[in-house]
Amino acid sequence: MEKNEKPVAIDDTQGQVEAVKEELTVDGVDTLKLDAQKEDKMKRKQQRKKKLKSFLIVALVFVIIVGLGIVWLISAGRNDGPVYGDRCASLVTLDSGIFNEVETTMEENSAINDVAISVDCRIIKINIDYVEGTSKESATALASDTLHLLDDSAGYEKTDGGQWSYLLNTHDGRSQYDADFMLTTTNNEDFPIFGAKKAELDLISWTYASIKNQATTDKVLEEAAQDAADAVDDSASTD
């Protein structure tokens, strides 16, 4: 060993190791653990952002769908009455102005107290109240005459060999108007009488009360009374 060289002290090496350890700790906490915790926290934060973003997208799509539905309902509801969609499409024009004329004409018959005609989408509703003592045969015949008069007044051509015009049949391959009847009087077990004529069919089907289900009849009568009240309100608002 040369005279100028000095031996390396073991204590100095140990001191350097301790210094490195101190650099890797902050207030006694391992900085490597701190870095891992920060990274884990950042990952959780990013996951929350992704979930929030997905929720906002779903909510936006839902709002758009609801908005489109509301717009469609408003557009469809601009027509008078409830929203019927395609059920009321492709129907020939039926002037409700002829209803009053038909009602007045039929009420001239001594057997009839009152006639009320209305239309609900593709259904023509005819309610007739008869004087007491009117037979079911006379009542149904007069009701049929009422529908024939309405059909004639509408002015459409009758199909070849048919009883009815295409108002109550088909036109351009599309079924047109059905007809519903309710006939009433007092002190007669056959009344009320309900009738129905379907488009494409000539026959009117009649159902006599001889009542088996009073609750059903009462419900139909109640609905008819409400329809009549609504018709009066509509007429008053139009005037």
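D172 sits in the loop between β5 and β6 (174-175), where strands (E, at least two residues) and helices (H or I, at least four) are DSSP runs numbered from the N terminus. The phi angle of D172 is near 55°, a positive value in a residue other than glycine. Most residues other than glycine have a negative phi, and most peptide bonds are trans. D172 counts as exposed because its relative accessibility is 73%; here exposed means over 50% relative accessible area, buried means under 20%, and partly exposed lies in between (1.4 Å probe, protein chains only). The model is predicted, so to speak of local features a pLDDT of at least 70 is needed, and side-chain atom pairs count only at pLDDT 80 or more, while totals for chains, interfaces and linings use all residues. N187 lies in the loop between β7 and β8, and with a relative accessible area of 69% N187 is exposed. The loop between β7 and β8 also holds P192. A cis peptide bond, with omega of about 0°, joins F191 and P192.

Now for the chain as a whole. Its secondary structure comes to five helices and nine strands. Along the sequence, these elements follow the pattern α-β-β-α-α-β-β-α-β-β-β-β-β-α. Of the 239 residues in the protein chain, 24% are buried.

What does β4 pair with in the antiparallel sense? The partner is strand β3 (residues 112-120), and the pairing runs over eight bridges; two strands are said to pair if DSSP finds at least two bridges between them. In this pairing, D120 stands opposite I123 in β4. Together β3 and β4 form a hairpin with two residues between them, and C121 in the turn has a positive phi of about 60°. Strand β4 also pairs with strand β7 (residues 178-184), this time in the parallel sense and over seven bridges. Here K125 stands opposite D180 in β7.

The pairing can be followed onward from β7. Strands β7 and β8 pair in the antiparallel sense over five bridges, with A179 standing opposite K197 in β8. Strand β8 (residues 193-197) has two faces: I193, G195 and K197 make up the covered one, while F194 and A196 make up the uncovered one. Strand β8 then pairs with strand β9 (residues 205-208), in the antiparallel sense and over four bridges. The bridge partner of F194 in β9 is T207.

Charged side chains come next. Side chains of opposite charge can pair when their charged atoms come close. How many salt bridges are there? The count comes to two, where a salt bridge is a side-chain nitrogen of Lys or Arg within 4 Å of a carboxyl oxygen of Asp or Glu. One joins the side chains of D120 and K125, at 3.6 Å from N to O. D120 is partly exposed, with a relative accessible area of 27%. D152 forms a salt bridge with K158, and their closest N and O atoms are 2.7 Å apart. D152 is partly exposed at a relative accessible area of 46%, and K158 is partly exposed at 39%.

D152 can also be placed relative to S165: the two are 13 residues apart in sequence and 7.8 Å apart in space, C-alpha to C-alpha. S165 is found in the loop between α4 (136-154) and β5 (170-171). Is S165 buried or exposed? With a relative accessible area of 0%, S165 is buried.

Finally, K41, K45, R48 and K49 gather in a patch of positive charge on the surface. Such patches are made of residues with over 30% relative accessible area and no salt bridge, with like charges joined within 9 Å and nonpolar side chains (Val, Leu, Ile, Met, Phe, Trp, Tyr) within 5 Å. Lys and Arg count as positive and Asp and Glu as negative, while His and the chain ends are not counted. The place of a charge is taken as NZ of Lys, CZ of Arg, CG of Asp or CD of Glu. Accessible areas come from the Shrake-Rupley method with a 1.4 Å probe, and for residues only the protein chains shown count as cover.

Terms used
Residues are numbered from 1 along each chain as its sequence is written. Side-chain values use heavy atoms; hydrogens and water are left out.
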